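Please keep the sequence and the coordinates in view while reading.

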Amino acid sequence: MPELPEVETTRRGLLPHVVGRQIRHIIVRNARLRWTVSNELIGAVRGQPVLSLERRAKYLLLGLPEGSVILHLGMSGSLRVIHAQEPAGVHDHVDFVLDNATAIRLRDPRRFGAVLWHPDPPDTHPLLAGLGPEPLDGDLAGTLWQISRSRAAIKTVLMDSRRIVGIGNIYANESLHHAGISPWRQASLLDRHDCEKLAASIRTILENAIAAGGSSLRDFVGADSKPGYFQQTYAVYGRTGLDCPVCHTPVSQQRMQQRSTFWCTKCQK
């Protein structure tokens, strides 16, 4: 699933192509995504200028004068800038056709993505209203200190979007290794120094991933149709049995709440 770096990479790639442009119309080839693309959305966006393109957690928010289009890439989706006349493939479900003969095309092979219309402020939508703070904004160490009162494993806490958003499985594994903290450590056992160290690691990992265009493990490509390459620098994720790049101990793997967890038993305590 595209995580925060992939969504932010997509946002930055789309930004110069959509903001200030007018949506001429929307083409829906298959409305049956995670939630059905509504006729209300099709009518609401036609002829409207795009005022902004923001990211909230793993959602993209296309700001229009009378509301927002909320976009989610699901498990395998991507948004690309194309020529409006480019033939559509079997998995190309929605096009936002702009006033300069280009289009923003949603490709979603597994159809777990979303294209939703919300006429009110975006943070009032049920998908966004209960989300925690962003990891790249504000006092992340302070946020981690507040949420570290939990008795749950720290990796589980990091992946709870009600506490902090956007840190999916890949980047939780990588951030904890970078910080030298075991994913199994009870969150309440972290002290303030641990929280400061982990906050710095999360920011470093996420910023490096964004700079690398995110991770392309399956279908993800950015707005320019190019894959990301952050996966080439993974320290632990998906590297079971391979040497930890710090101490050369074989990387361990175990399931935690139905997600694969990777860590170094020597470096991470």
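Isoleucine 70 stands opposite leucine 116 of strand 8. The model is predicted: local features need pLDDT of at least 70, side-chain atom pairs count only at pLDDT 80 or more, and totals for chains, interfaces and linings use all residues. Residues are numbered from 1 along each chain as its sequence is written, and side-chain values use heavy atoms, with hydrogens and water left out.

Strand 4 (residues 67-72) pairs with strand 8 through five bridges, in the antiparallel sense. Two strands count as paired if DSSP finds at least two bridges between them; helices (H or I, at least four residues) and strands (E, at least two) are DSSP runs numbered from the N terminus. Both strands belong to an open, antiparallel sheet of four strands in the order 2-3-4-8. Its edges are strand 2 (52-56) and strand 8 (114-118), each pairing on one side only. Neighbouring strands of this sheet are turned by 25 degrees against each other on average, direction ignored. Helix 1 (residues 4-18) packs on the sheet, touching strand 2 and strand 3 (59-64), and its direction makes about 175 degrees with that of strand 2. Contact here means heavy atoms within 4.5 Å; axes are lines fitted to C-alpha atoms, for helices over the stretch in contact, and angles run from 0 to 180 degrees between N-to-C directions.

Strand 7 (residues 102-107) is largely enclosed by the rest of the structure, because five of its six residues are buried. Buried means under 20% relative accessible area, exposed over 50%, and partly exposed in between (1.4 Å probe, protein chains only). Strand 7 runs antiparallel to strand 5, with six bridges, and arginine 80 has arginine 105 as its bridge partner in strand 7. Strand 5 (residues 78-83) also contains leucine 79, which is buried at a relative accessible area of 1%. Strand 6 (residues 92-98) is joined to strand 7 by five bridges, again antiparallel. In the hairpin of strands 6 and 7, alanine 101 takes a positive phi near 70 degrees.

The largest nonpolar core has 32 residues, and Leu144, Ile154, Leu158, Leu198 and Ile202 have the most contacts inside it. Such a core is a set of buried Ala, Val, Leu, Ile, Met, Phe, Trp, Tyr and Cys residues joined through side-chain atoms within 4.5 Å. Helix 4 (140-147), helix 5 (154-158), helix 6 (169-179) and helix 7 (192-211) each give two or more residues to this core; helix 7 supplies the largest share, seven residues. Apart from this core lies another, of 27 residues, among them Leu41, Leu64, Leu98 and Ile104.
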